[in-house]
Amino acid sequence: MEDQQPNPAPTPVAADSTPKVTGIGGIFFFSDNPQQTRDWYARNLGLDVNEWGSTFESRSVERPDEVHSLQWSPFQTGSDYFAPSRKEFMINYRVQHIEALVDQLQASGVTILDDIVSYDYGKFVHILDADGNKLELWEPR
């Protein structure tokens with residue numbers, strides 16, 4: 001019988017300090033009747049909805065104890081929350097090191113629409129992409 005060595009403990013994943021997008025934090029879109037849209041998705045597709053939409057949770061492959069969320073939210077058609085973009089949707093990107101990322105974006109000439117704001121659930125800032133789409137950047141707490 002061969003000598004069997006115990007499997008070594010997995011190497012911990014080092015914390016990445018690069019300012020970057022780490023995932024999708026939300027999908028927001030216009031609806032003529034957001035409540036009816038939320039109700040339709042709840043009734044027909046089983047989404048657990050509240051007044052903001054629905055939250056999906058997932059785990060990080062590299063760090064299974066880490067839980068991520070994605071917010072799905074219909075907004076009233078014509079809401080100025082997506083302005084100055086004229087698109088009918090907005091994507092929220094989950095990021096790390098938001099302050100350093102904003103500094104990099106400014107240095108690259110990206111349009112930063114507002115200052116970083118902090119809430120109990122994270123920090124947010126809005127930018128425009130190359131096509132003029134408003135994007136929301138979110139660093140969770």
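**View 1. Lys123 and Glu99 form a salt bridge**. The side chains of Lys123 and Glu99 pair up here, with N and O 2.8 Å apart. (A salt bridge needs a side-chain nitrogen of Lys or Arg within 4 Å of a carboxyl oxygen of Asp or Glu.) The pair ties together distant parts of the chain, 24 residues apart: Lys123 sits in strand S7 (residues 122-128) and Glu99 in helix H2 (residues 98-107). Helices (H or I, at least four residues) and strands (E, at least two) are DSSP runs, numbered from the N terminus. Buried or partly exposed? Lys123 counts as buried because its relative accessibility is 18%, while Glu99, at 37%, counts as partly exposed. (Buried is under 20% relative accessible area, exposed is over 50%, and partly exposed lies in between, using a 1.4 Å probe and protein chains only.)

One heads-up: this is a predicted model, so local features need pLDDT of at least 70 and side-chain atom pairs count only at pLDDT 80 or more, while totals for chains, interfaces and linings use all residues. Residues are numbered from 1 along each chain as its sequence is written, and side-chain values use heavy atoms, leaving out hydrogens and water.

**View 2. Glu66 meets Arg63**. How many salt bridges does the structure hold? There are 2, and one of them joins the side chains of Glu66 and Arg63 at 2.9 Å, N to O. Glu66 is partly exposed because its relative accessible area is 26%, and Arg63 is partly exposed too, at 36%. Side chains of opposite charge can pair when their charged atoms come close.

**View 3. The largest nonpolar core**. Nine names to find: Val95, Ile98, Leu101, Val102, Leu105, Val125, Ile127, Leu135 and Leu137 make up this core of 9 residues. (A nonpolar core is a set of buried Ala, Val, Leu, Ile, Met, Phe, Trp, Tyr and Cys residues joined through side-chain atoms within 4.5 Å.) In soluble globular proteins, nonpolar side chains tend to be buried together. Zoom in on Val125: beyond its neighbours within four places in sequence, its contacts include Ile98, Val102, Leu135 and Leu137. (Contact means heavy atoms within 4.5 Å.)

**View 4. Val110 in its loop**. Val110 lies in the loop between H2 and S6. It's partly exposed, as its relative accessible area is 25%. Which residues does Val110 touch, not counting those up to four places away in sequence? Leu105, Ile127 and Leu128. Val110 and Leu128 are 18 residues apart in sequence, yet their C-alpha atoms are 7.0 Å apart in space.

**View 5. Gln71 and its polar contacts**. Gln71 is part of strand S4 (residues 67-76). A polar atom of its side chain lies 3.3 Å from the backbone oxygen of Ser54, and a polar contact of 3.3 Å links the side chains of Gln71 and Ser73. (A polar contact is a pair of N or O atoms within 3.5 Å; within protein, one must be able to donate a hydrogen and the other to accept it, and residues adjacent in sequence count only if both atoms are side-chain atoms.)

**View 6. Thr37 in helix H1**. Thr37 belongs to helix H1 (residues 34-45). Thr37 counts as buried because its relative accessibility is 18%. Leaving out residues up to four places away in sequence, Thr37 touches Phe29, Ser31, Trp72 and Pro74.
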